[in-house]
Amino acid sequence: MDNADGDGTPEDDRTGGDAAADAGETPDEDAAGDGGDGPTAVLLDVLPNGRPDDDRPQSRKSPVAYGLGDDSFALYELMLAAGADVSVGDRLGLDGPNVGRYREVSFDGLTRNAAAEIEYAAEAIVEADEERFVDFYNEAGPITLRLHQLNLLPGIGKKLRNDLLDERKRGPFESFADVEERISGLHRPREVILERIVEEIREDDLKYRTFVGREE
């Protein structure tokens, strides 16, 4: 893969597959061919002909993709390996053979198509690991003397917060359906978390972050 200067990939970018190769390791490939137990991302956009703002000859361009990280909801620009057969919505191992190099980008650094896919990708991540996000309702704690993590969720005021805190003392929530059944007035607990995740991804100036940037 051509990594010549000007391809938008600084030399100090994190290099998943390259780092494994330097260490003499070969990433294990899973059924999707994207390999290993390392970080993964849901693809938001795929540009097989490279970035449109790259003025170099086509022969020198690398295919590019944008993805949303499963663990920390970080946004990534990925330089794909030549011939990588990937599509929007695929879950791709960042250290796998389909990725030559990757780096984090801001929301403003995404393509329009990638930005439009964020809600769908976040939903796929939450649905694939429901227990992780239900546990937020079980484990969320105070931020300050006056502010609780639960209050960062849209529509969660003092009453619903206290209801959640009281009810989880009786036993942990087992699913989103369990939260909805046991907490009167909280009708869409999954969507409430999704709305907060998307807000944290899109807004750089939020004072508190609950999901984005937190590695599991």
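A: Happy to; we can go through the fold, the core, the salt bridges and the surface in turn.

Q: Before anything else, what kind of model is this?

A: This is a predicted model.

Q: Good to know. How many helices and strands does the chain have?

A: There are six helices and five strands. Going along the sequence, they come in the pattern α-β-β-β-β-β-α-α-α-α-α.

Q: And how much of the chain is buried?

A: Of the 216 residues in the chain, 47% are buried.

Q: Let's talk about the inside. Which residues have the most contacts inside the largest nonpolar core?

A: Those are Phe-73 and Tyr-137, in a core of 43 residues. Two or more residues each come from β1 (40-47), β2 (64-69), β3 (75-80), α2, α3, α4 (158-170), α5 (176-182) and α6 (189-202).

Q: Which element gives the largest share of that core?

A: That's α2, with seven residues.

Q: I clicked on Ala-65. Where does that one lie, and is Ala-65 buried or exposed?

A: Ala-65 lies in strand β2. Its relative accessible area is 0%, so Ala-65 counts as buried.

Q: Since you mention Arg-51, which side chain does Arg-51 meet in a salt bridge?

A: Arg-51 pairs with Glu-77, at 3.1 Å from N to O. This pair links distant parts of the chain, since Arg-51 is in the loop between β1 and β2 while Glu-77 is in strand β3, 26 residues apart. Both residues are buried.

Q: What lets charged side chains pair up in general?

A: Side chains of opposite charge can pair when their charged atoms come close.

Q: Back to Glu-77. Which arginine in strand β5 links up with Glu-77?

A: That would be Arg-103, which forms a salt bridge with Glu-77, the closest N and O atoms being 3.0 Å apart. Here too the pair links distant parts of the chain, with Arg-103 in strand β5 (residues 99-104) and Glu-77 in strand β3, 26 residues apart.

Q: Why does Glu-77 count as buried, and why does Arg-103 count as partly exposed?

A: Glu-77 has a relative accessibility of 2%, and buried means under 20%, so Glu-77 counts as buried. Arg-103 has a relative accessible area of 23%, so Arg-103 is partly exposed.

Q: How many salt bridges are there in the structure?

A: The structure holds 13. One of the others to look at joins Arg-91 and Asp-70, whose closest N and O atoms are 2.7 Å apart. Arg-91 lies in strand β4 (residues 91-93) and Asp-70 in the loop between β2 and β3, so this pair ties together parts that are 21 residues apart in sequence. Arg-91 is partly exposed at 33% relative accessibility, whereas Asp-70 is buried at 10%.

Q: Switching to the surface: which residues form the negative patch?

A: Asp-71, Asp-129, Glu-131 and Glu-174 form a negative surface patch.

Q: Where does Asp-129 lie, and why does Asp-129 count as partly exposed?

A: You'll find Asp-129 in the loop between α2 (112-128) and α3 (130-139). Its relative accessibility is 33%, so Asp-129 counts as partly exposed.

How values were computed: Residues are numbered from 1 along each chain as its sequence is written. This is a predicted model: local features need pLDDT of at least 70, side-chain atom pairs count only at pLDDT 80 or more; totals for chains, interfaces and linings use all residues. Side-chain values use heavy atoms; hydrogens and water are left out. Patches are made of residues with over 30% relative accessible area and no salt bridge: like charges are joined within 9 Å, nonpolar side chains (Val, Leu, Ile, Met, Phe, Trp, Tyr) within 5 Å. Accessible areas come from the Shrake-Rupley method with a 1.4 Å probe; for residues, only the protein chains shown count as cover. A salt bridge is a side-chain nitrogen of Lys or Arg within 4 Å of a carboxyl oxygen of Asp or Glu. Lys and Arg count as positive and Asp and Glu as negative; His and the chain ends are not counted. The place of a charge is taken as NZ of Lys, CZ of Arg, CG of Asp or CD of Glu. Helices (H or I, at least four residues) and strands (E, at least two) are DSSP runs, numbered from the N terminus. Buried means under 20% relative accessible area, exposed over 50%, partly exposed in between (1.4 Å probe, protein chains only). A nonpolar core is a set of buried Ala, Val, Leu, Ile, Met, Phe, Trp, Tyr and Cys residues joined through side-chain atoms within 4.5 Å.
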